[in-house]
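Work through the exercises below with the model open. Try each task before reading its solution.

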Amino acid sequence: MINLSIIIPVYNVARYIERCLRFVEAQTLHDIEVIFVDDHGQDDSISIAKEFTQKNVRKDIHYVYTATPTNSGPAVARNMGIQAASGEYIAFLDADDWVEPEMYETLYQNARMYQADLSCCNLMQDFEDGTPSKVLRNPHLDSGEFINAAKKFFLTTYVSYFTSFIYRREWLLANELLFAETKSAEDSSFLACCVLAAERIAQKDEPYYHYVIHSGSLTQRKAWKGREKRKAFSSVIDFARRKKMLHTYWLQLFYLYLKKALLVPIYEMIK
């Protein structure tokens, strides 16, 4: 029985992937599956990962390698990982980030305790340039039944810290929850759909996930992403309509679309 499948898209992360895997190997949770999805970068990330995993001394961590047909982006890679996973729960880990050793055991045990579809923690935002780290927080939620009022609060206040969650695999598959295959906002729209579909949630306040900001990543070339964001958040509205939830959450979804699909792209261009 695999307790958790960790899906790691791999694309030009040669500088970071070994650090990421050291912290995976340090996890206190047992019976883990790690799925690498090679998205055909230009460096030797996958070779580094294979060399590291060949030295694996933990027999309860199982490494799986798969690949996108051609470079396809993180949404396609994560969707392939979901289809390949066999764990009771699924986690998404970016190869240039890292997690505290107790993260996945804590989230898994909390999920089991509350029979949760989703289980989350908070994050630390770390900066390569030496800027002090800061805590990033998910909206505070009571563990247990995920009531409508809590979902409405989440949908109007959240930032997409989707890697700070684990997701019950059978529930993901039953609800056909996949990432919108867009070039922007695929993570935020995925998390919104998960929140709409979830019946139970579990939360820990500790910041176990380390989201790393690399030197130069905040000054990347600006690009208009409005069309891709509109596609991503239109998929949330379509999901709500299919699940007959649109009437219940129409105000929150309108706000979500206005903010994240229309206003955020403008802000990103002028900031």
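This is a predicted model: local features need pLDDT of at least 70, side-chain atom pairs count only at pLDDT 80 or more; totals for chains, interfaces and linings use all residues.

Residues are numbered from 1 along each chain as its sequence is written, and side-chain values use heavy atoms, with hydrogens and water left out.

**Exercise 1. Salt bridges**

Task: Find the salt-bridge partners of Arg 78.

Solution: 
- Start with the criterion: a side-chain nitrogen of Lys or Arg within 4 Å of a carboxyl oxygen of Asp or Glu. The whole structure holds 11 salt bridges.
- Asp 94 pairs with Arg 78 at 3.4 Å, N to O. Asp 94 sits in the loop between strand 4 (89-92) and strand 5 (98-99), and Arg 78 in helix 3 (residues 74-84), 16 residues apart. Helices (H or I, at least four residues) and strands (E, at least two) are DSSP runs, numbered from the N terminus.
- Glu 186 also pairs with Arg 78, at 3.4 Å, N to O. This pair links helix 3 to helix 7 across 108 residues.
- Check the cover. Arg 78 is buried because its relative accessible area is 5% (buried is under 20%, exposed over 50%, partly exposed in between; 1.4 Å probe, protein chains only). Glu 186 is buried too.

**Exercise 2. Helix packing**

Task: Describe how helix 5 packs against helix 9.

Solution: 
- Two numbers are needed: the angle between the axes and the distance between them.
- Helix 5 (residues 148-157) and helix 9 pack at about 10 degrees, with axes 9 Å apart. Axes are lines fitted to C-alpha atoms, for helices over the stretch in contact, and angles run from 0 to 180 degrees between N-to-C directions.
- Helix 5 is therefore roughly parallel to helix 9 (under 35 degrees; over 145 is roughly antiparallel, 65 to 115 roughly perpendicular, the rest oblique).
- Contact (heavy atoms within 4.5 Å) involves residues including Lys 151 and Leu 155 of helix 5, and Tyr 255 and Leu 256 of helix 9.
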